[in-house]
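Work through the exercises below with the sequence and the model open. Each task is followed by a solution in steps.

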Amino acid sequence: MTDRHTAAGMRYRTYGHGGRGTFLLVHGWCCDHDFMTPLARHLADRQARVIAVDMPGHGASPPPTDGYGVPELAGHLRAFAHALDLRRVFVIGHSLGGVWSLVAAAGDRDRFTGLGLLDSAVAGPPGAAAAIAQVAASLRDDTSGAVRESIVRSYFPPYSDPRLVERVVAATARPSTEVAYAPIAGLADWIATDGDVAALHRWDRPLLFVGSNAPFTDYARLAQLAPQAFIGQTVGSGHFVQLQVPAQVDAMLDRYLEVTG
């Protein structure tokens, strides 16, 4: 493993040295590259080049100068791939990271050739944008961090490993209040203008979606918007599927790669 920074300051960690393209792993809300470590190690065993990035304002990467909207952060992800001259990129994002990955990939189909979404908020039910906007508003005024902690704890079913729960709660408490609410507000605005619908239409290639026990996505709507999608659901996992049931995620990804070549 090697930690590096791009010229723009984005921190990333590399695994493996394969030459047949790159897996780019993108963490979600209030997280950093370490949340993708189990998946990164699994993919590195495939003799692939694997990169796990800290998005702007997260982990050791500086905050963006253009805000935390979905198009802006997706633009930073595309710029990251361009700066490293990555080719044949299979991008996999968890949660909000999947949203940023979808928009980045749909906007540069020459560079991005594969897409995986891990419990990401796309193709949601009616009223999703308004509900997300309410969450953003509650986080904006959350100076104590109590609202954030309550949300993170709600992502775990009651039978979850308490050590994992506390580790995730502690890690997601580190980012600033702005990092907690601004990307969620940006997500609400993006969904309200059907950004997910437009991006799914632009990405007309196969994609893998892995959901949790309580997904944000309406699977039937996702299948309608992206009929080429392979949709799976984990058993016994909350939102952090890649941490709670990594073997299930690995198996679905392996099968997807086998089927799609």
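**Exercise 1. Aromatic pairs**

Task: State how many aromatic pairs a search of the whole structure finds, then classify the pair of Y12 and F80 by its ring geometry.

Solution. The structure is a predicted model. Searching all of it gives nine aromatic pairs. For Y12 and F80, the ring centres are 5.2 Å apart and the planes stand at 80 degrees. Planes over 60 degrees apart count as edge-to-face, so this pair is edge-to-face. Next, locate the partners: Y12 belongs to strand β2 (residues 11–15) and F80 to helix α2 (residues 70–83). The pair thus links distant parts of the chain, 68 residues apart. Finally, check the accessibility, where buried means under 20%. Y12 has 8% relative accessibility and counts as buried; F80, at 2%, counts as buried too.

**Exercise 2. A second pair**

Task: Classify the pair of F209 and Y219, and decide for Y219 whether it is buried or partly exposed.

Solution. The centre-to-centre distance for F209 and Y219 is 6.0 Å and the angle between the planes is 75 degrees, which is edge-to-face. F209 sits in strand β7 (residues 207–211) and Y219 in helix α9 (residues 219–225), so the pair ties together parts 10 residues apart in sequence. F209 has 0% relative accessibility and counts as buried. Y219 has a relative accessible area of 22%, so Y219 is partly exposed.

Aromatic residues also form a cluster, made up of F35, Y155, F156, F216 and F240.

**Exercise 3. The surroundings of H58**

Task: Place H58 in the chain, then find which backbone oxygen lies 2.9 Å from a polar atom of its side chain.

Solution. H58 is in the loop between β4 (49–53) and α2. Its relative accessible area is 1%, so H58 is buried. The backbone oxygen in question is that of P56. Leaving out residues up to four places away in sequence, H58 touches H27, G28, C30, C31, Y68, W100 and V179.

**Exercise 4. Packing of two helices**

Task: Describe how α2 and α3 pack, giving the angle and the distance between their axes.

Solution. Helix α3 covers residues 96–106, and its axis is 8 Å from that of α2, at an angle of about 70 degrees. Angles of 65 to 115 degrees count as roughly perpendicular, so α2 is roughly perpendicular to α3. Their crossing is right-handed. On the α2 side, the residues that meet α3 are V70, L73, A74, L77 and R78. On the α3 side they are V99, W100, S101, V103 and A104. W100 is also one of the residues that H58 touches.

Definitions and conventions. Residues are numbered from 1 along each chain as its sequence is written. Side-chain values use heavy atoms; hydrogens and water are left out. Rings of Phe, Tyr and Trp (its six-membered ring) pair if their centres lie within 6.5 Å; planes under 30 degrees apart count as stacked, over 60 as edge-to-face and the rest as tilted. Helices (H or I, at least four residues) and strands (E, at least two) are DSSP runs, numbered from the N terminus. Buried means under 20% relative accessible area, exposed over 50%, partly exposed in between (1.4 Å probe, protein chains only). A polar contact is a pair of N or O atoms within 3.5 Å; within protein, one must be able to donate a hydrogen and the other to accept it, and residues adjacent in sequence count only if both atoms are side-chain atoms. Contact means heavy atoms within 4.5 Å. Axes are lines fitted to C-alpha atoms, for helices over the stretch in contact, and angles run from 0 to 180 degrees between N-to-C directions. Angles under 35 degrees count as roughly parallel, over 145 as roughly antiparallel, 65 to 115 as roughly perpendicular and the rest as oblique. A crossing is left-handed if the near helix is turned anticlockwise from the far one by less than a right angle, and right-handed if clockwise.
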